[in-house]
Amino acid sequence: MTSRPTAAELAAAKDRTIPDVVPPRGGVLLCGINPGLYSAATGFHFARPGNRFWPALHRSGFTDRLLAPPEQHLLPSYGLGITNLAARATAQAAELTADELAEGGALLEAFAERHAPRAVAILGVTAYRTAFGDRSARIGPQSRTLGGARLWILPNPSGLNAHYTVDTLAAEFRTLRTAAADEPVTT
């Protein structure tokens, strides 16, 4: 689907999932909270107009041009992948339970062990705190690893996150990109 979903298509997208984009070994895995209805209706991660994920990814230097959501299949060629803490689509992330997020954290750790990224970045500090029971976590690198990968928390790129602009999001993404490039690849 390339056109904007209708209200009926959005409603029908509730609880759908979107396939992961698996990063290459030694790449960077970006982990959203869960798909919104717009993303689930289109089948693409971070697809809602106004979401700043794709512009921040480009401005940070992770990609050499601004990719559109239907081009998510190109991410592995940039050393990137995308998954979510919770697989099911909702209208708002607040619809997810703490148990769903905690289960998603365990599944994310297994995913990282299986695919061996060099870094895992969770896009949303509040979701991270709930998923991993770490109430003091802050944006940036974490002291723990996840499935052998360096763990980061990045800001949520949703347009609803008024604390960050595209440029400040890109600065946080850039810090991750630079650090990940300096880390040795583990196999």
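Predicted model: local features only at pLDDT ≥ 70, side-chain atom pairs only at ≥ 80, totals over all residues.
Alanine 121 belongs to strand 3, which spans residues 119–123. Its relative accessibility is 0%, so alanine 121 counts as buried. Several residues lie around alanine 121. Beyond its neighbours within four places in sequence, alanine 121 is in contact with Leu29, Leu30, Cys31, Trp152, Leu154 and Leu176. Tryptophan 152 is 31 residues away from alanine 121 along the chain, yet their C-alpha atoms are separated by 4.5 Å.

Aromatic rings come next. A pair of aromatic rings is described by two values, the distance of the centres and the angle of the planes. The model holds four aromatic pairs. One of them joins phenylalanine 53 and tryptophan 54, with 4.9 Å from centre to centre and 90 degrees between the planes. This pair is edge-to-face. Both phenylalanine 53 and tryptophan 54 are buried. Phenylalanine 53 also pairs with phenylalanine 173. Here the centres are 6.2 Å apart and the planes stand at 65 degrees. Planes over 60 degrees apart count as edge-to-face, so the pair of phenylalanine 53 and phenylalanine 173 is edge-to-face. This second pair links distant parts of the chain. Phenylalanine 53 sits in helix 3 (residues 53–59), and phenylalanine 173 sits in helix 6 (residues 166–182). The two are 120 residues apart. Phenylalanine 53 has a relative accessible area of 0%. Phenylalanine 173 likewise counts as buried, at 0% relative accessibility. Ring pairs join Phe46, Phe53, Trp54 and Phe173 into a cluster.

The model contains six salt bridges. In one of them, lysine 14 meets glutamate 95, with 3.1 Å from N to O. Lysine 14 lies in the loop between helix 1 (7–12) and strand 1 (28–32). Glutamate 95 lies in the loop between strand 2 (80–84) and helix 4 (98–115). The pair therefore ties together parts that are 81 residues apart in sequence. Both ends count as partly exposed: lysine 14 has 41% relative accessibility, and glutamate 95 has a relative accessible area of 32%.

Another salt bridge joins arginine 88 and aspartate 15, whose closest N and O atoms are 2.9 Å apart. This pair, too, links distant parts of the chain. Arginine 88 is in the loop between strand 2 and helix 4, while aspartate 15 is in the loop between helix 1 and strand 1. They are 73 residues apart. Arginine 88 counts as partly exposed at 23% relative accessibility. Aspartate 15 is partly exposed at 43%.

Glutamate 109 and arginine 144 also form a salt bridge, and their closest N and O atoms are 3.7 Å apart. Glutamate 109 lies in helix 4 and arginine 144 in strand 4 (residues 140–146), so parts that are 35 residues apart in sequence are tied together. Glutamate 109 is partly exposed, with a relative accessible area of 25%. Arginine 144 is partly exposed as well, at 31% relative accessibility. Some salt bridges share partners, and these join Asp15, Arg88 and Glu100 into one network.

Helix 4 also takes part in helix packing. Two packed helices are described by the angle between their axes and the distance between the axes. Helix 4 packs with helix 5 (residues 125–132) at an angle of about 85 degrees, and the axes are 7 Å apart. Angles of 65 to 115 degrees count as roughly perpendicular, so helix 4 is roughly perpendicular to helix 5. On the helix 4 side, the contact involves Ala98, Leu101, Ala102, Gly105 and Leu108. These residues meet Ala127, Thr130, Ala131 and Phe132 in helix 5. By class, seven residues in this contact are nonpolar, two are polar and none is charged.

Two residues call for a note on backbone angles. Aspartate 15 is not a glycine, but its phi is positive, at about 75 degrees. The loop between helix 1 and strand 1 holds aspartate 15. Alanine 116 is not a glycine either, and its phi is also positive, at about 50 degrees. Alanine 116 is placed in the loop between helix 4 and strand 3. Under 20% relative accessible area means buried. Alanine 116 has 11%, so alanine 116 is buried, whereas aspartate 15 is partly exposed at 43%.

Technical notes
Residues numbered from 1 in each chain as written. Heavy atoms only, no water. Helix = DSSP H or I, 4+ residues; strand = E, 2+ residues; numbered from the N terminus. Buried < 20%, exposed > 50% of the residue type's maximum accessible area, 1.4 Å probe, protein only. Contact = heavy atoms within 4.5 Å. Phe/Tyr/Trp six-rings, centres within 6.5 Å; stacked < 30°, edge-to-face > 60°. Salt bridge = Lys/Arg side-chain N within 4 Å of Asp/Glu carboxyl O. Axes fitted to C-alpha atoms, helices over the stretch in contact; angles between N-to-C directions. Parallel < 35°, antiparallel > 145°, perpendicular 65-115°, else oblique. Nonpolar A, V, L, I, M, F, W, Y, C, P; charged D, E, K, R; others polar.
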